[in-house]
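We will go from one selection to the next, with a short note on what to look for at each stop.

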Amino acid sequence: VAVAAGIVPIAHGMDGGGSIRVPASMSGILGLATTFGRVGTYRDALSVAKTGPMTATVTDLAVSYLAMSQVQPKSFQHEHLLPGRIP
């Protein structure tokens, strides 16, 4: 709602059954349910849910997805990429 109203340019969501895609389509904005594991989540958020951005423009969606998909040191999916870790 905040993105559709123009209050914020980007919102972060979790999608396990349409929780990004359905609200985005109903409010006329864009939502991207990313590939599971592409955008990191923290250990306490492990489930079938995927994280992704919701934006009003394709440009904002691309920029936010690029930022979200970077390696995050506390991310469960990306832990094996940290220096000194043996996968």
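Start by selecting D15 and showing its surroundings: setting aside neighbours within four places in sequence, D15 is in contact with I20, R21, A33, V48, A49 and K50. You will find D15 in strand β1. Is D15 buried or exposed? With a relative accessible area of 0%, D15 is buried.

**A word on confidence**

Before going further, colour the chain by pLDDT, since this is a predicted model. The chain has a mean pLDDT of 79, and 70% of its residues reach 70 or more. Strand β2 (residues 30–31) has the highest confidence, at a mean of 94, while strand β1 (residues 10–15) has the lowest, at 89. Keep one caution in mind: where pLDDT is low, the predicted coordinates should not be read in detail.

**The whole chain**

Zoom out and switch to cartoon view. The secondary structure consists of two helices and three strands, and from the N terminus these elements follow the order β-α-β-β-α. Of the 87 residues in the chain, 29% are buried. Among contacts between residues at least 6 apart in sequence, 60% join residues at least 24 apart.

**The sheet**

Next, select the three strands together. They form an open sheet in the order β1-β3-β2, with antiparallel pairing. Strands β1 and β2 stand at the edges with a single partner strand each, so one side of each has no neighbour in the sheet.

Look at the pairing of β1 with β3, where six bridges join the antiparallel strands. On this side of the tour, pick M14 and look across to T51 in β3, which stands opposite. Then move to β2 and β3, which pair in the antiparallel sense over two bridges. Here G31 stands opposite M54 in β3.

Stay on strand β3 (residues 50–55) and colour by burial: five of its six residues are buried.

**Stop at K50**

Select K50, which lies in strand β3. How covered is K50: buried, exposed or partly exposed? K50 is partly exposed, because its relative accessible area is 23%, and buried means under 20%. Leaving aside neighbours within four places in sequence, K50 is in contact with G13, M14, D15, I20, A33, T34, T35 and F36.

**The nonpolar core**

For the last stop, which residues make up the largest nonpolar core? Select V3, I20, A24, I29 and M54, the five residues of that core. As background, nonpolar side chains tend to be buried together in soluble globular proteins.

Centre the view on I29 to finish. Apart from its neighbours within four places in sequence, I29 is in contact with V3, A4, A24, M54 and T55.

Notes
Residues numbered from 1 in each chain as written. Predicted model: local features only at pLDDT ≥ 70, side-chain atom pairs only at ≥ 80, totals over all residues. Heavy atoms only, no water. Core = buried A, V, L, I, M, F, W, Y, C linked by side-chain atoms within 4.5 Å. Buried < 20%, exposed > 50% of the residue type's maximum accessible area, 1.4 Å probe, protein only. Contact = heavy atoms within 4.5 Å. pLDDT = per-residue confidence, 0-100. Helix = DSSP H or I, 4+ residues; strand = E, 2+ residues; numbered from the N terminus. Pairing = 2+ DSSP bridges.
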